[in-house]
Every structure is written in structure tokens, then in C-alpha cells.
Amino acid sequence: MKRRTFINLFLGGSLVGTIGSFLYPVIRYLLPPKQSEAGVASVSAAKSGELAPNTSKIFKFGSTPGILINTQEGELRAFVAICTHLTCTVVYEGDSESLLCPCHNGRFDLSGNVISGPPPAPLEALEVKIVGEDIIVSRIS
Amino acid sequence: MKNLFQKLFAYFDSRLMLSTIGELAKKKTIPEHKHSFWYYFGGICLFLFIIQVITGILLLLYYKPTMDSAYESIQFIMSQVKFGWLIRSVHSWTANILIGAIFIHMFSAFFMKAYRPPRDLTWITGFFLLLLFMFFGFSGYLLPWNELSFFATRVGTDIAGTLPLIGKALKSFILGGPDVSGATITRFFWLHIAILPFFTLLFLGLHILLVQILGMSKPIGFPKAKVKEVPFFPNFILKDALGWMLILTLVGILCVFFPWELGKKADIFATTPLGIKPEWYFTFMFTTLKLVPAHFLFIEGELLAIFGFLIGGLIWLLVPYLDRKAAMEQKSPGFSLLGLIVLLYIIIMTALTYFHPNL
Amino acid sequence: MKKSISGLVIFLFFILFVPFHTLADGCIKCHKELENALKAPAEAFQMDVHQKYGLSCTSCHGGNPEQEDIDAKDDSFKGVPLRKDIPELCGSCHSDSLYMRKFNPNLRVDQMELYWTSQHGQLLKTGDIKVAVCTDCHGIHGILESSHPRSWIFPWNIPSTCGHCHSNKEYMKDYSISVYQAEDYKQSVHAHALLEKKDLSAPVCNDCHGNHGAAPPEVTSIGYVCRQCHPSASELFSESPHKEAFDELEISECEACHGNHKILPPSDEMLGTGEGAVCIECHDPESTAYKIATTIKDELDDFKSKMLNAENKLQRADKQGVEISEARFRLQEAHTTLIQVRNLTHSFSLDKIEEKIKEGTNVIAEVSEAGDSALKEAKFRKRGLIVATFFIFLLAIALLFKIKQIEKKIPQ
């Protein structure tokens, strides 16, 4: 093979390889990822009607757990579900209509205030809005 | 195969004058001398800009420009989108490398006195390109909406707000309100993907066209006979391409081993953390403002410094007309000294920001 | 001549200045002109809470404030009350609910009643005047409300108020109790919360001992006292076999393992049978309890190391630039489980503990998997870089050859 042709082939081949190693990531990037949308600080916690009265649901709020409660009277409340004592995740107790931390039995009322137990501060409350079918929870602005 | 290629070429040639352009292109030469290494930097800037356009367009697919979603969309790109981490890190790293290359390109043109007429217009368009790219950097920096970028933007726009008469209105216009907010993200996004690209293409087009028409400037005192001229196609452009390959490798290594961090999401109610500073290419101005005494005679120190920069910028812009000696193809060491002082000032002030942050 | 002029001056002084003073100032006015111990009460009283409600020196000491002659006798003047009479003196107002209602209807009126049930009150009745009376804790003339941060009885001042006597070896030498309570307390987790983190909900002397009816809680009731803030641990303890055993043996419940004043943050080393473990203080190596203790500790340690492992994986991936916030979120659940397990140790029930650990282990397995794939991703990126660099390198070499060829015009 002539030297010139070899060099040209070498150049062409390595050019194709380089372009390929750039095109591959770009094409993979363009294809839609599994989780279709970015998680947002305003999160759709549930669908309206999903929660029966006096029940709750834990949802993901950014990178922290949140808890959405449908009270006995049908009012929606939401809090950051992290106990202010030692950061365990709280649960809702229908019988006592309060939020309980299972670690040391810290108890919060439906405004997030501490009723009993070791927690030193109230739960962080979140804003709840109903937009169409979705219950949107966001940080209080 | 060759026949098909020839037919295609003939088709486009008859409509786009390809062969005429080809002839002109073959004539383009680059002078080769001991300083011609610096000629590469214009092409490097162009190459890096193209990378920014491509990665920017890709990021546009997943980025969301609102207070609630900006940070999260970047997090999404970094974690969920395939190779999102790569596209984002390339965009962030290349932005910084590009501005560095622009400074090198500008100073090499300055020291080689490439600004002397008839290349004064090239210099002027270049100056505006520097400004445009610094605005690109400033506007783009806010878009991930993390703690650092939020406060850096606030500090930067506060400085703009101190200008007499126009300061308050200017700051309000830039921010879209009294303070950095969701409206600011929208505005900066608008600037970053529409206004700045438009003007950049305009000025860049003019800049490159001028270089093609006027050819490369040779340093003063290099007679034509002594300097060898090499053809741009294919000699110089192959060497250009080699340089670009090295830069690509550098960017790749940076992105894999030093990925651009996500940071903490901006909280508009939080207090300013210690040690907030703008991106490195603004730090020389930032540190100047910190060091300047509070009052000089009856004028406020900061204001004096800002005016100093404005006047300095104006002088820098008009250097082609101020440097009479260079215009007459004579050595002008005075202006070389000026350039050296400016360069040293920028380097020292930038270094001070990082080595003595508590000034 | 001189005498009459000075007499005139004195006369004018009294004519001009005396009528302008009100009732309360009579005592204060004179005492302020005096020095040291006689001046101090007048000065301190300016800040006193009683003064704010319109009371004065005469309210406790009697006497006639309008009288200027200090030698004149006034039958109502009581002078400095004796220590043994102070509870009755303060109680004469503070136990009268009709009277107190005029000032603060919310204030309790049973302090004196409680005081007589306390150790201090009991000993005072026998004639011991070294014990604390009202003024020892509340102050004498500059008494501040208990909600005022500089009051001697504001929560974070209480250890030094009680410690004033109780930490004084000399003073306490006739009594058979320790003098290290305040010192011990200051090293405790409760003191850290109160004095350093300024958490006013943290317990201090009076929260466990009572304030006016102060007495150490009885052995069988310590668990109930701690339960006021630590309901979960206490409930678990009461349901466990330890409650009955401790009560029979008259071992003070929570105190046996956690101490009373020097309550330190509990560590996992208190479990099991190693150094620092509390279980081996009672249980022999051959007993079933000993085996259970060992098992609990081992399983807890195992759980913790799994969690640490998973956490490390995430950290390594994070350092290499891979995004792991989702996995960290999951790990938070495992952290909750760990805290629940630690609390469950008060039940001493292996079943309950193992069940909780299993829950947590499942979560950790998920996190660990996420960590593994994150580390794989990091490796993939490095490999991808090598591949891309390889091609670029080849291209660069090809370019070099081409450039050389063109420049030297290598013949074909």
C-alpha cells in the first residue's frame, strides 16, 4: 500500500472512531431517560381523592421524606417528615390524630407543634395546593 | 463512487460558487515565524465556542429555567440522563477554558500589536466579543441556581447598582426586580440563549470575516522576505486540529476526574456565607473593589475603582488609535509596557483573591 | 450664728425635699445614702419583681417609711426575719389565693405547702436552719421572675443555685449525701442540651426532684420520672422482665444503667458483654440473659457495619462525581431503623429487636445495590474516557503523519 494512502486511511479511520466516541454519548443523552421529569421542590404528592380521611402518605420531597395527611375533617396538611429530635421519619396515627415518631415516641399535633416526648422543635410545615387532579406540596414561600 | 461525488460537487458549485471559494481558500496563507505559535489561539477560541453551542443546545433539552426546577433539573441531568454528567461538566469546564483562551488570544494580539490599522476593526470587534463572553459567563453561572451562583450574582449586581444615576435602574433591569429571584433566572436565561448568541454571531462573523480579508498580522519589523508563508489548507488547519484534539483530551480528563459540582440549592432567605466571590475571571475586579480605600478625597472609593475600570476599558478599546508608533510600523515599547502592567495586574489581583481571601 | 445657719439649711432641706417623696422611697431614700450591706438591699430592690407590682420594704419588714428618725420605735417594724420564719413570711402572701389573684391569677399558691413536704422543709421543722429557705433560691431583695434569664431560678442558672449549697463540702459535711451532683450533672447530656445548646426543654434539678417539694425520687418511681420525657424507653422497660426484677431487688430503674446526675449520651458499648457493658454487672456468663445480651450486641454491630459499608460506597461514588442523592434518601430510612433498634433494647426482647433489624437490613441491601451501580458508573466513565482518548490519540498521530507528509512532500 502506498504510504500516502495508508496515512489517509489511518487519518480517516481514526477520525471516524473519534467522531463515533463523541456521537455515542450524545445520542444516548438525547434518548429520554427512565424517570421522565426532574423532581421539583413543588411536588405532586398524590392525586386528589387518593387519601381517605384520617389517613396519610409519605412522599419524596426533593431529597427528604414528606408526609401528606388528610385529616378527619377532610383538610389536607403536609410536613417534612423528619423528627426534630434525632431525624427519624414520623408516621401519622389516626386514633390520636397526631404525628408520632416511632423512635422515642415524640408526638406532634396537626400544626406540627410538639405535644409530648423529646423533640425540641416543631415539624417543618409545607404548603398544600390542589391543582386540578394533583395535590401539589411545596415549601412555604 | 468518484463519479457520484463529482456530480454532487458540480451541483452545489453551480449554485454556491464552491470552486471560486475553494480557489480563494487555497490562497490563504499563515506566516511562520518564532511567534506564530500564538496564531493558534483564535482557532482555539472558535473551537471551544462551538463546543459550548453544542453542549448548550443539548442541555437546553432538559434544563428548566424556574426557581422551583432549575436546580432539580441540573440534578436530574447529572443523575438520570445518560451522559448528562458529561455534557454538563463539559459545558461548565469549557466555559472557563474558553474565557482563559480569550484572554490569551487578546494579550497575544496586543503584544504583537496586531491591532494596528487596518486591523483596528478586528480589535474592536474582538473587544466586544470579550465583553459578550464575560456576560455569557456571568449569566450562565446563575442558571444552576445553587448557593454559590446565587450569592455571586447578588454581589455582582450590587456592584452594578452602585453606579451613579443609572445604577439603580440598571440593577433592576438586569435582575428583573429589586433582588435576585425567579425573574432573574428568566432574564439571564433569555440573555444566555438568545440575546448574547445573536450578538456574538454578529460580532464573531465580522471578526472572522475581517481576518480572512486582511490575513494574519505579522509582528512589527518582520520584513516580508524573511517570513515563510504556509498554506492554511491543509498545513495550518491540520496543526490547528492537533491542538484541538489535545484540548478535547484535557476537557475529558477534567470532566471524569473533576466533575462540576452540583452545590446546595439557593435559598433566597439565607444569609450570605463567608468567602463568596464571583467566577475567577471577575476576581481581579472584585479584589480591586475590596482593596480600594473607602474614600479618596471626596469620592467614594468603590465608585472611583469602577470608573477606573470603565476608563481603562475605553483606553484598551481605543489602543489602535492611541498607539501612533505601531500604526506607523514602528516599535512601540511604551504600549508593550502598558500591556505588561495590565496583564500583571490582572494576574496578581486574581491570585490574591485565592491566596489571601480574607483581605 | 453658724449653728442657726446650718439649722436653717437642714430645716430647708427637709421642707423642700421630704414632701416630694412617696411612701416607698422613705426606706430606700435613706438606705441609699448608706454603704455596703446597708446600701445593697435598697439598690437591689430597684429590679425586684415585687417593686414592679407596687410593693415595698414595709410589705415584708413592716415599719413606717415616712418616719425619718431612725431611733424612734415603731411596733410594726420586724427587722431582718429569722431564717426559720422565712417560709411563713413569704407564704403569708404567696399562699393566699385571694391576694395573689390581684397580681397574677396564674401563679400557684401551694409553694409553702409543698415546701413543708420537701427534705428542706422537713429538716427546717426540726430546727436545722442550714437548709434552703425561699430566699436561698429566689434571692432576697433583687428577686426576678422565673422567666427572666438572670433569675437564680431560670433553668440554666439552677445547677449553680442548687450547687451553691449542695456542692459545698464544708457546708454539707453534716449530711450524708453526695456533694458531686452539680458537677456530675454538668457533664451530662442534659446539661449539654440546656447550657450549651440553650434547649430550655432539657431537664435540670427541679424537673426530676420537684422545686418546692424537692426530694429525690424513690427507687421504684425513677422510671416514671424519666418517662415524663422518655415515654418510649420507659414503656418498653416497664413491659420487660427487668421492671419486676428491679423493683423486687430495689434497684433504681433507669439509674442503674444510665446514672442519675451524670447521664452521658448512651453508647452501643453499654450493650453486650464487653468492656463498658452494663449487662454484665448483674448477669453471669452462664445465664440465658448473658447469651441474649451477646446476641443483641452482635446483631446490632453487624447491622451498623452493613450500614457503614453502604454509606461508604455512596461516599466513594459521590467523590468520583456520580450523583447519589436518591440512595442517600433511602439510607435515611435505615438510619431511622437504627435509632429504633437502639430504643428497642430497653425491651430486652430479642424477637422485637431482630424484627426491626431485618426491616433495616432490607433497606440497606437496596442502598448497597444503588451504591454498587454508582461505583460501576464511575468505572464506566473512566473506561469511556480511555476509549475516547485512545481514538483521539490515534487521530493525533494520524494528523502528525499527515502534517509531516504534506510538509516534506513525501514521494508516493
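**View 1. B:P234 sits in helix α10 (residues 232–257) of chain B.** This is a predicted model, where local features need pLDDT of at least 70, side-chain atom pairs count only at pLDDT 80 or more, and totals for chains, interfaces and linings use all residues. Residues are numbered from 1 along each chain as its sequence is written, while chains are lettered from A and ligands numbered from 1 in the order in which they are written. Helices here are DSSP runs of H or I with at least four residues, strands are runs of E with at least two, and both are numbered from the N terminus.

**View 2. A cis peptide bond links B:P117 to B:P118.** Omega is about 10° here. As for B:P118, you'll find this proline in the loop between α5 (84–111) and α6 (120–142) of chain B.

**View 3. B:F83 has a positive phi without being a glycine.** The angle is about 65°. B:F83 belongs to the loop between α4 (70–79) and α5 of chain B. With 19 other C-beta atoms within 10 Å, B:F83 is partly exposed. For the cut-offs, a residue is buried if 20 or more other C-beta atoms lie within 10 Å of its own, exposed if 12 or fewer, and partly exposed in between, with C-beta atoms placed from the backbone.

**View 4. C:N36 is another residue other than glycine with a positive phi.** Phi is near 50° for C:N36, which lies in helix α3 (residues 36–44) of chain C.

**View 5. B:L204 is in helix α9 (residues 182–214) of chain B.** B:L204 counts as buried because it has 20 C-beta neighbours inside 10 Å. If you also pick out B:P357, 153 residues apart from B:L204 along the chain, the two C-alpha atoms are separated by 36 Å.

**View 6. Helix α16 (residues 231–239) of chain C has a set of buried residues.** They are C:S232, C:A233, C:S234, C:L236 and C:F237. The cover over these residues includes α15 (222–227), α17 (241–249), α18 (253–258) and α20 (325–344) of chain C. Contact means that the C-beta atoms of two residues, placed from the backbone, lie within 7 Å.

**View 7. Chain C meets chain A through 30 residues of chain C and 26 residues of chain A.** On the chain C side, the elements giving two or more residues are α16, α20 and α21 (350–408). Helix α21(C) gives the most, with 11 residues. That side of chain C divides into 15 nonpolar, 11 polar and 4 charged residues. In this count Ala, Val, Leu, Ile, Met, Phe, Trp, Tyr, Cys and Pro are nonpolar, Asp, Glu, Lys and Arg are charged, and the others, Gly among them, are polar.

**View 8. Chain A has an open sheet of 4 strands in the order β5-β6-β7-β8, with antiparallel pairing.** The edges are β5 (91–93) and β8 (114–116), each with a single partner strand, so one side of each has no neighbour in the sheet. Strands count as paired if DSSP finds at least two bridges between them. Strand β7 (residues 106–108) of chain A pairs with β8(A) in the antiparallel sense over 2 bridges, and A:F108 stands opposite A:V114 in β8(A).
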